[in-house]
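Here are my notes for someone opening this entry for the first time. Please keep the sequence and the 3D view side by side while reading.

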Amino acid sequence: MANPKESRLSALFTKFQNLVNYLWTGVWKETRDTTGIRAIKVINLSVRSFLDRDLQSRSMSLTYSTVLAIVPAFALLFAIGRGFGFQNLLEDQLYKYFPAQKQVIQFALKFVDSYLKEASQGLFVGVGIVFLLWTLISLLSCIESAFNTIWDVKHDRTIYQKVTDYIAICLMVPILMICSSGVSIFMSATVQDNIHFAFLTPFVNIALEASPVILAWLAFSLSFFLIPNTKVNFKYAAISGAICAVMFQILQMLFLNGQIYVSKYNAIYGSVAFLPLLLIWLQLSWLILLFGCVLTYSLQNVLGFNFIGDLKKMSENYERKVSIVLAAAIVGRFRKNKTPLTRSQLSFYYDIPIRVVSNICEQLQKAGLVNYVILSDDRVGVAPATETGNLSVGLLLRKLDAVGDSDFIPRFSIIYRSILDRIDGWLDESYSQLDDKLISDIELPEDSDKEKIVNTSPKSFIRNNETDIDPVSSDD
């Protein structure tokens, strides 16, 4: 007879295993759209995206770029500060924003003074400015590349856009720091010097204490909103920014309070004991930033991730079928004189995971079958790039087969010429049977038909969420 205790443990373990399976894969089968289900999907998608994109390696890469750029960044910051006469104010602001890295800031400022002194003399003026701008632009470019990878954006900004946008960011940061400090001083002085506003003193003190969190929230939110080369909904960027601001402040507190417990590092590393701690702090800070970007992406696109399996394991046969359906959707709307859909809208309307839509649209664009067009609301739609009346399934498959590099293996095409000619003949013969099957003749099910098939209400679901649909990539 089975032990009752073991039976209860076995039942408990089974329930736990079922719960884990539901949270990881089963939740994507849910057709309900409740707050709890959406929250589980957001967390699920955030974890999947975080693991899938190897963000640990990217955070290490950004840590290296930051160490390389930290002195030039401070040099630019204080060069602008000196021009306005606010050098001491900027220094105080840095200590306030990064209390856990006071020793690092002091160490870096010594190099900044030498850097600015040398950069103002002789030939080093031009070389120093070029190196300064290159390190900063390189760091910001790495951040943009990481964000674009998370958003499945295939194209970074152009060189011109990078130079203009990044320099604008570099110039705005010290000005905003000076302005925020000025506002803090003004609020504090106004309340303390004016007895009529004495009752506001507690509120002002709370606001001043919370200012690092508020500024961190603003910085994170603007980063998630502006840096990716795509259209991001600010609402989701603000939510992720608030979460990351709290996480960053907790990290600051842990490092600030934990430094007294790492005195052993002084015996090992001597005067540079702060360096390993700085590297750890930088990597954790970048992980927080990348996590926030993943969370923003998840919040904005969770309704389009109705998948269960691993997209990397999609077979070529299945991908071709999805490509034909997507091509039929794009061609069908064009022939009905309807506005082209964005990639997110294609995902919603036709129940295809958004990453699959993004990847296939890239292949169709490279094959010369679709183009990206700017819509009236600045979104990017997907429209046919060829004569739709003559586009057959055979032609579409031929075009997709030709995407990518070929004939690059030395002597391969010479040695196996006869075999390759026969293979081409076989493929051409199979495609010829599909040349009379036009893409425009493929009729996709309407929402009412889909409702009958899956016994859900996708029509009302899509309409309720259509206003929140954003493009995956700008591609402009």
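1. Start with the surface. In this predicted model, a nonpolar patch is formed by Phe 408, Ile 409, Phe 412, Ile 414, Ile 415, Tyr 416, Ile 419, Ile 423, Trp 426 and Leu 427. Together these residues have about 1,000 Å² of accessible area.

2. Where does the patch sit along the chain? Two helices, H16 (412-415) and H17 (417-432), each supply at least two of its residues. H17 gives the largest share, with four residues.

3. Take Phe 412 as one member of the patch. Phe 412 lies in helix H16. Its relative accessible area is 35%.

4. Now the aromatic rings. The structure holds eight aromatic pairs. One of them joins Phe 220 and Phe 248.

5. What does the pair of Phe 220 and Phe 248 tie together? Phe 220 lies in helix H8 (residues 201-226) and Phe 248 in helix H9 (residues 234-258), so the contact ties together parts that are 28 residues apart in sequence. Both Phe 220 and Phe 248 are buried.

6. Phe 225 and Phe 234 form another edge-to-face pair. Here the distance is 5.3 Å centre to centre, with 90 degrees between the planes.

7. Ring pairs link Phe 147, Phe 220, Phe 224, Phe 248 and Trp 281. Phe 220 and Phe 248, both buried, are among its members.

8. Next, the charged contacts. A search of the whole structure finds five salt bridges. One of them joins Asp 401 and Arg 320, with the closest N and O atoms 2.5 Å apart. Asp 401 is in helix H15 (residues 393-401) and Arg 320 is in helix H12 (residues 316-335), so this bridge ties together parts that are 81 residues apart in sequence.

9. How accessible are these two partners? Asp 401 is partly exposed, at 36% relative accessibility. Arg 320 is partly exposed too, with a relative accessible area of 23%.

10. Glu 362 and Arg 343 form a salt bridge, with 3.3 Å between the closest N and O atoms. The pair links distant parts of the chain: Glu 362 is in helix H14 (residues 354-366), Arg 343 is in helix H13 (residues 343-350), and they are 19 residues apart. Glu 362 is buried, and Arg 343 is buried as well.

11. Asp 435 and Arg 398 form a salt bridge, and their closest N and O atoms are 2.8 Å apart. Asp 435 lies in the loop between H17 and helix H18 (447-454), while Arg 398 lies in helix H15, so the bridge ties together parts that are 37 residues apart in sequence. Asp 435 is partly exposed, at 31% relative accessibility. Arg 398 is partly exposed, with a relative accessible area of 25%.

12. Finally, a network. Salt bridges that share partners join Glu 316, Arg 320 and Asp 401.

Terms used: Residues are numbered from 1 along each chain as its sequence is written. This is a predicted model: local features need pLDDT of at least 70, side-chain atom pairs count only at pLDDT 80 or more; totals for chains, interfaces and linings use all residues. Side-chain values use heavy atoms; hydrogens and water are left out. Patches are made of residues with over 30% relative accessible area and no salt bridge: like charges are joined within 9 Å, nonpolar side chains (Val, Leu, Ile, Met, Phe, Trp, Tyr) within 5 Å. Accessible areas come from the Shrake-Rupley method with a 1.4 Å probe; for residues, only the protein chains shown count as cover. A salt bridge is a side-chain nitrogen of Lys or Arg within 4 Å of a carboxyl oxygen of Asp or Glu. Buried means under 20% relative accessible area, exposed over 50%, partly exposed in between (1.4 Å probe, protein chains only). Rings of Phe, Tyr and Trp (its six-membered ring) pair if their centres lie within 6.5 Å; planes under 30 degrees apart count as stacked, over 60 as edge-to-face and the rest as tilted.
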